[in-house]
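Here is a short briefing on how one protein chain holds together. Look at the structure first, then work through the points by topic.

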Amino acid sequence: MEDVPLPVLFEQARKIHSTATESGADQELVRKGCEALKKCEDMVSKLGLFSANETKDDISTNNLKYLLVPFYFAELAEKIAQSDRILSLKASHAKLKEFISFCEAMELVPEEELETSIQGGSNSLVDRRAQKIARFKRQRAAELKLLEIKERKERRGRSSKAAALSTPVEAGEEDVLDDDVEEEREAWLTTISLAICKAFDLLEMLKKEEEILSAIKEKQSKDGDKEFSQDVLDDRTKRAEAWHRDAAVRSRYTKPAEPITCATFAQDVLEGRAKVSQAHDHKHQPMIFGPASLVGGSLTSERERMAAQVFQPSFRLPTMSIEEAGLKEMEMMNKWQERNAKMMEEANSSWYKDNSKQGPSEEDDEDDDAAQDKARAWDDWKDDNPRGAGNTKLTPCG
């Protein structure tokens, strides 16, 4: 790495960062990326590429990408596996703070994030949710913009290649180069904006994780030799599994049973002669009085049949329950409604309307012809005999 120039070293480190974040954290690869980024930081510091009194407009396009070195370093430092996880979190936290403060000096951090950082973060859940939504929208817009720049660059590259094959290079090449420079600057600024959004999210996550680990470490130090050993975790797992099993057993009894719609069966359940689970198999039978209720089986002889008729009620016993009678009546009502609907449909059909619009019958036609002949004869008579023609003696000049 000593003899490698800064652009080549940064490109190698960026490829390692992309591979480590996409395909998982290979520790050897992560350590190589951290070493390359550390060397990039030293070279940027020695070369003096950035100054505290500069803004983003003062930085050249070729040097904009080196602003991402602390961010890449922070993401890779967080993935380094150490015996003490807090050390990795603190190293990544420090690099993120360095990156955000430098971007703030370059006027690259959005105003909303600046206001939130100045106020020290909002404790309201609504404000934090709105802040996360706005940050996600900015991140999504930056990703779409990078994708658009990439597609535009590929299209221009294909068209330039086709034009180079068909015609020689002519005047106007300088404009194309200027467009490439502007596009590259826009792409790096968008990448930095995307990194800022990710940096704030990662900063919050690292802060929460560090608080949790610090609390656990403090609890371990207070308890002395007590540690969160594997036996404690196994005991917690067993208790959780037992709770879930008991909950699964309880869920069968918490499910509401189907309602009992038969009064006789309800009385049998209350008096212990039947069970609730037999509700679907229960058939209502009329009550039997007298000796027949004591036989407990089918009547086999005439004597038993006659004995069963003793002390029977003088009225006819019901053959169905109130619920069954209501179901029968409902079925009859449904059939009646279906029949009425069918009749209304036939009445509104084209067949019925066509029959109603048909002309009069043959008898009506004959009556109409006779009336028409009579009317014509009367008209002819009135034509031959005008009004007052037969009263010549009554006229003054008659």
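Phe10, Tyr66, Phe71, Tyr72, Phe99 and Trp188 form one aromatic cluster. Keep in mind that this is a predicted model.

**Aromatic pairs**

- A pair of aromatic rings is described by the distance of the centres and the angle of the planes.
- The structure has 7 aromatic pairs.
- One of them joins phenylalanine 50 and phenylalanine 102.
- Phenylalanine 50 sits in the loop between α2 (27-47) and α3 (61-64), while phenylalanine 102 sits in helix α5 (residues 85-105). The pair therefore ties together parts that are 52 residues apart in sequence.
- Are these two residues buried or exposed? Phenylalanine 50 has a relative accessible area of 17%, so it is buried, under the 20% limit. Phenylalanine 102 has 30%, so it counts as partly exposed.

**The nonpolar core**

- In soluble globular proteins, nonpolar side chains tend to be buried together.
- The largest nonpolar core here has 44 residues.
- Phe50, Leu96, Phe99, Ile192 and Ile196 have the most contacts inside this core.
- At least two core residues come from each of α1 (6-23), α2, α4 (69-78), α5 and α8 (173-223).
- Which helix gives the most to this core? The answer is α8, with 9 residues.
- Phenylalanine 50 touches Val44, Ile59, Asn63, Tyr66, Leu67, Phe102 and Met106, leaving aside residues up to four places away in sequence.

**Helix α2**

- Helix α2 has 21 residues. At 1.5 Å a residue, α2 should span 30 Å. Its end C-alpha atoms are 30 Å apart, which agrees.
- Several residues of α2 are buried, including Val30, Leu37, Met43 and Val44. Lys39 and Glu41 are also among the buried residues of α2.
- Glycine 48 follows α2, and its phi is positive, near 60°.

**Salt bridges**

- Side chains of opposite charge can pair when their charged atoms come close.
- How many salt bridges does the whole structure have? A search finds 14.
- Glutamate 204 and lysine 132 form one of them, at 3.1 Å from N to O. Glutamate 204 lies in helix α8 and lysine 132 in helix α7 (residues 125-166), so this pair ties together parts that are 72 residues apart in sequence.
- Glutamate 204 is partly exposed, at 29% relative accessibility. Lysine 132 is partly exposed too, at 44%.
- Glutamate 204 also forms a salt bridge with arginine 135, with the closest N and O atoms 3.4 Å apart. This pair links helix α7, which holds arginine 135, to helix α8, which holds glutamate 204. The two residues are 69 residues apart.
- Arginine 135 is buried, with a relative accessible area of 1%.
- Glutamate 331 and lysine 335 meet in a salt bridge at 3.9 Å, N to O. Both lie in helix α13 (residues 322-347), 4 residues apart, about one turn of the helix.
- Glutamate 331 is partly exposed, with a relative accessible area of 41%.
- Elsewhere, salt bridges that share partners join Lys145, Glu148, Arg152, Glu183 and Glu186 into one network.

Conventions
Residues are numbered from 1 along each chain as its sequence is written. This is a predicted model: local features need pLDDT of at least 70, side-chain atom pairs count only at pLDDT 80 or more; totals for chains, interfaces and linings use all residues. Side-chain values use heavy atoms; hydrogens and water are left out. Rings of Phe, Tyr and Trp (its six-membered ring) pair if their centres lie within 6.5 Å; planes under 30 degrees apart count as stacked, over 60 as edge-to-face and the rest as tilted. Buried means under 20% relative accessible area, exposed over 50%, partly exposed in between (1.4 Å probe, protein chains only). A nonpolar core is a set of buried Ala, Val, Leu, Ile, Met, Phe, Trp, Tyr and Cys residues joined through side-chain atoms within 4.5 Å. Contact means heavy atoms within 4.5 Å. The expected span of a helix is 1.5 Å times one less than its number of residues. A salt bridge is a side-chain nitrogen of Lys or Arg within 4 Å of a carboxyl oxygen of Asp or Glu.
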